[in-house]
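Q: I would like to learn how to read a protein structure. Can you take me through it, feature by feature?

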Amino acid sequence: MAIAKAERLMNLALCLLGARRPLSKRELRGSVEAYLEAGSDDSFNRMFERDKDDLRELGLVIETVENLEGEVGYLARPDSNRLPAITLDAEEAAALGLAAKVWQQARLAGAASGALQKLRAAGLPEDVDPYGSHGALEPRIPVHEAAFEPLMLACRDRRPVVFDYRKASAARPETRQVEPWALECWRGHWYLAGFDRERGAERVFRLSRITGKVRARGTGFTAPVPDVVTVRETVRGWAGETADRSALIRLRSGAGYPLRAKATKVRELGDGWDELEIPYGHGLDAWLVEFGPDVVVLEPAELRADVVDRLRAVAKG
């Protein structure tokens, strides 16, 4: 059984690599002998999808292309699947080892281990241990959101998605149709950058606010993907990190330590309250709402009004 699957994967890989144009499922079924023996369309579709995922897991870059008639085709370009000779010194190997170790507690653990095996096959010296010289370091990037894996695959395959998203100021989620570009972790939270079809513009979504399942859509992208997607810079701007003004707030003693870390001035007021001066930029109102009754905005008036409006929206449900 293992030999039969390996032969089927090899035949599919050769077929995709040798094609001069994208091949549809129908054409691939007629070109790979094992697919001709599939008893039904459903059986073939399941087999093909598993094989395609297995080839991608092994490192084959398979493009998904949609023609003018809306038919989806698949292609593995030789120039996209050809690597130069890889030579790594001990320090470079250690850096890659640490990068792979980051994912050991996440859903990419298998891919990270597989990547190290491929580096071994490509010439990584056998006497170099990517983990050994830095065994005391235990880097971790937590991935707890169920939306991470389907969004990661959608970014890789350039596949639009639909999901329900609850904004910080909203009591109920809204359905969003997004063309995903990139994922990035910032301050312990994962964010997705992409093109929001309904709003016709770039948007950034925090994965912890995605509710329900992420559903893929077969249609292609309608907007160009930027050469550089600056998720972190966009999130920083929305979070007020690039602020050029200041806000004055009252903060309950012993609470709101993230706000205290950002404060430029702190003054004890007594009676269990402190007065803080913090940078004020776009998105600060949404952040302050998260601290609930522990925060009171003193000035500016526009920030106070925005926070009050958000709190009333949440209270109304």
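A: Start with a definition. A salt bridge is a side-chain nitrogen of Lys or Arg within 4 Å of a carboxyl oxygen of Asp or Glu. Here, D157 forms a salt bridge with R156, and their closest N and O atoms are 2.9 Å apart. This is a predicted model, where local features need pLDDT of at least 70, side-chain atom pairs count only at pLDDT 80 or more, and totals for chains, interfaces and linings use all residues. Residues are numbered from 1 along each chain as its sequence is written, and side-chain values use heavy atoms, with hydrogens and water left out.

Q: What is pLDDT, and what does the chain average?
A: pLDDT is the predictor's confidence in each residue, from 0 to 100. The chain averages 80, and 76% of the residues score at least 70.

Q: Which elements have the lowest and the highest mean pLDDT?
A: Elements first: helices (H or I, at least four residues) and strands (E, at least two) are DSSP runs, numbered from the N terminus. Helix α6 (residues 109-121) has the lowest mean, 57. Strand β4 (residues 161-165) has the highest, 95. Also look at residues 133-137, where pLDDT stays under 50. The model has 6 contacts for them beyond four places in sequence; contact means heavy atoms within 4.5 Å.

Q: Back to salt bridges. How many are there?
A: Side chains of opposite charge can pair when their charged atoms come close. The count here comes to 22 salt bridges.

Q: Is D157 buried or exposed?
A: Buried means under 20% relative accessible area, exposed over 50%, and partly exposed in between (1.4 Å probe, protein chains only). D157 has 11% relative accessibility, so D157 counts as buried.

Q: Which residues of helix α7 are buried?
A: In α7 (residues 148-157), F148, L151, A154, C155 and D157 are buried. Their cover includes α4, β4, β5 (174-186), β6 and β8. Just after α7, R158 takes a positive phi of about 55°.

Q: What does the salt bridge between R209 and E290 tie together?
A: The two side chains meet at 3.0 Å, N to O. R209 lies in the loop between β7 (201-206) and β8 (210-216), and E290 in the loop between α10 (284-289) and β12 (295-299), so the pair ties together parts that are 81 residues apart in sequence. R209 counts as buried at 17% relative accessibility. E290 is partly exposed, at 46%.

Q: Where do D274 and R260 lie?
A: These two form a salt bridge, with the closest N and O atoms 2.9 Å apart. D274 is in strand β11 (residues 273-280) and R260 in helix α9 (residues 257-262), 14 residues apart. D274 counts as buried, at 9% relative accessibility.

Q: Which residues are linked with D196 in a network of salt bridges?
A: The network links E174, R176, D196, E198 and R199. D196 is in strand β6 (residues 189-196). Its relative accessible area is 0%, so D196 is buried.

Q: Which backbone nitrogen does the side chain of D196 reach at 3.1 Å?
A: A polar contact is a pair of N or O atoms within 3.5 Å; within protein, one must be able to donate a hydrogen and the other to accept it, and residues adjacent in sequence count only if both atoms are side-chain atoms. The side chain of D196 reaches the backbone nitrogen of E198 at 3.1 Å. The backbone nitrogen of R199 lies 3.3 Å from a polar atom of that side chain.

Q: How do I read two aromatic rings?
A: A pair of aromatic rings is described by the distance of the centres and the angle of the planes. Rings of Phe, Tyr and Trp (its six-membered ring) pair if their centres lie within 6.5 Å; planes under 30 degrees apart count as stacked, over 60 as edge-to-face and the rest as tilted. The structure holds 9 aromatic pairs. Y35 and F48 have ring centres 6.3 Å apart and planes at 80°, so the pair is edge-to-face. Y35 is in helix α3 (residues 33-36) and F48 in helix α4 (residues 41-57), 13 residues apart. Y35 is buried, at 0%, and F48 is buried too, at 1%.

Q: Which residues form one aromatic cluster with Y35 and F48?
A: The cluster is formed by Y35, F44, F48 and Y74.
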